[in-house]
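I set out to look up the pockets of this structure and what lines them. My entries follow in the order of the search.

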Amino acid sequence: MRKGIVQLVAIGVVIGVITALVAVLFQWLPASASEEFDRIQAIYWFATWMSVVIFSIVAAVVVYSVWKWRVPPDDDAEGPPIHGHTGLEIAWTAVPAILVIALGIVSAVVMSENGQARDDALQVRATGQQFAWKFEYPELGEFSTGELVLPVDQQARFTMEAVDVIHSFWVPNFGQKMDAVPGIETTINVTPTETGEFAVVCAELCGLGHATMRAKARVVTQAEFDAWIEEQDA
């Protein structure tokens with residue numbers, strides 16, 4: 001019995017290591033460039049490690065059972081009747097329920113934090129129209145631009161709307177995504193943490209030109225942002 005447990009544990013460890021390496025060594029998500037995406041990725045890794053452990057246990061039991069109790073060739077005999085194990089059935093019902101509840105709580109906390117707008121947030125209006133994005137900074141001047149420019153380490157509060165059909169505002173490296181809907185204003189918050197250039201895409205099929213609905217997002221220092229604003233207002 002003890003030998004079998006050791007073998008089962010060894011199989012589970014090997015499977016767990018292989019699965020963990022697959023999770024870590026491959027780039028499954030875009031590199032994070034915002035505080036909000038850092039939190040979203042924390043949920044992703046929480047769920048990933050939970051899945052690695054569960055998969056390792058289940059796969060180890062399956063592999064061990066196939067190896068240890070496989071039926072010899074041409075053996076058509078029926079196996080002995082086995083009654084269900086009440087404690088095991090309670091465990092495999094209760095444990096997943098607890099894990100799902102934990103995942104739901106963590107997700108709710110992150111959604112709440114990502115949805116909180118700071119008093120000094122930069123106000124940005126994003127308007128989607130087949131097939132382009134337009135950005136406005138109502139508190140900084142009466143101008144619009146097809147390029148999104150944000151200062152690093154300052155939260156931006158996006159208010160979105162669409163002119164014609166439903167679009168979806170998404171900068172993969174910022175993590176946050178929200179539909180732009182005709183006649184309805186929607187909002188998201190983004191706090192960039194890395195300077196550089198990123199892609200703004202429409203993540204909602206919005207017509208024949210959907211694939212071309214792209215814009216450039218630049219995250220710059222506060223001084224560079226102030227200079228850019230002055231240039232737009234000139």
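Which element gives the most to the lining of the largest pocket? I worked from a predicted model, and I found that α2 makes the greatest contribution, with 7 residues.

**Entry 1: the largest pocket.** I recorded about 530 Å³ of space in the largest pocket. I then listed its lining, which has 18 residues, and noted that L8, I57, V58, V61 and L88 are the closest to the centre. I checked which elements supply at least two residues each, and these are α1 (2-25), α2 (35-68) and α3 (86-114).

Entry 2: I next looked up the second largest pocket and noted a volume of about 250 Å³. I found 14 residues in its lining, with I40, V110, M111, N114 and Q176 nearest the centre. Two or more residues of this lining come from each of α2, α3, β7 (177-180) and β8 (186-190). Which element provides the largest share of the lining of the second largest pocket? I identified α3, with 4 residues. I sorted this lining as well, and it divides into 6 nonpolar, 6 polar and 2 charged residues.

**Entry 3: the two linings together.** I set the class counts side by side.

Definitions and conventions:
Residues numbered from 1 in each chain as written. Predicted model: local features only at pLDDT ≥ 70, side-chain atom pairs only at ≥ 80, totals over all residues. Heavy atoms only, no water. 1 Å grid on protein atoms, 1.4 Å probe; cavity = no way out; pocket = protein on both sides within 12 Å on 5 of 7 lines; lining within 4 Å. Points joined across faces, edges and corners; volume = space filled by probe spheres on them. Nonpolar A, V, L, I, M, F, W, Y, C, P; charged D, E, K, R; others polar.
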